[in-house]
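Biologist: Can we walk through how to read salt bridges in a model? I'd like the general idea, then the case at hand.

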Amino acid sequence: MKRSGINKIMAEADDMIRSHGFCLPPFAYWTPDQLKARKADVGHVIGARCGWDITDYGDGRFDEMGLFLFTLRNGLLADLQRGGGMCYAEKLLISRQDQLSPMHTHVIKAEDIINRGGATLVVELFGSDDEGRFAGDRGGTVWLDGIRHSYGPGEKLQLHPGESVTLRPGDWHAFWGEGGDVLIGEVSTVNDDETDNIFREPIGRFAEIEEDEAPMHLLVSDYCKWLD
């Protein structure tokens, strides 16, 4: 992806988030230089990879397969493993109309996916085999707004604004906006995008960046390059 395109997506996403009554935290608007200057103060933000995240899954077709994310807060895996402390994470996402977030699951993370506003969010579901691998002939059980729901393989849930689904490790899922763009909330256990996204197809989690202009704000995937 071109940096100029990423800067444009950031600006458009911020407008949409604000239009639904949400505001990003102050560090979201720091320039790269400001983030560098306050690196000692924001060690947790950097280490927990909070901040902007825009991906085309390495495929180069963001409008067709991609996702905007902003990690608002994230805990530590060590706390989750010992069962105490900051064991949770929260994100805002934007899924554009017909923009696919491809089929994947998580080994550790359980998550609530919430339609915070906009159009309909479609979530396609499959179960896993006994080793957690994608099983195209299996369904499973999820909770819709806390109500038990048994789904068949490939069932497509339609989540309208205010509705949510709880996904547990081994629930394979893909999603996209239907009829327009969707602002999504994600509330989960500790999030590790480096190792805990298992895709059905051999794709990447992060985009390759072409630096055709200066970054407006750093992506979480920029931190190791720009802040070391």
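Modeller: Start with Arg73, which is partly exposed at a relative accessible area of 37%; that label covers the range between buried (under 20% relative accessible area) and exposed (over 50%), using a 1.4 Å probe and protein chains only. This is a predicted model, so local features need pLDDT of at least 70 and side-chain atom pairs count only at pLDDT 80 or more, while totals for chains, interfaces and linings use all residues. Residues are numbered from 1 along each chain as its sequence is written, and side-chain values use heavy atoms, leaving out hydrogens and water.

Biologist: Which side chain does Arg73 meet in a salt bridge?

Modeller: Side chains of opposite charge can pair when their charged atoms come close. The cut-off here is a side-chain nitrogen of Lys or Arg within 4 Å of a carboxyl oxygen of Asp or Glu. Arg73 meets Glu90, at 2.6 Å from N to O. Glu90 sits in strand β3 (residues 88–95) and Arg73 in strand β2 (residues 67–74), so the pair ties together parts 17 residues apart in sequence. Strands are DSSP runs of E, at least two residues, and helices are runs of H or I, at least four, both numbered from the N terminus.

Biologist: Are Asp193 and Arg205 buried or exposed?

Modeller: Both are buried, and their closest N and O atoms are 3.3 Å apart in a salt bridge.

Biologist: What about Lys8 and Glu12?

Modeller: They form a salt bridge at 2.5 Å, four residues apart in helix α1 (residues 3–19). Lys8 is exposed at 52%, and both join Asp63 and Arg96 in a network of salt bridges.
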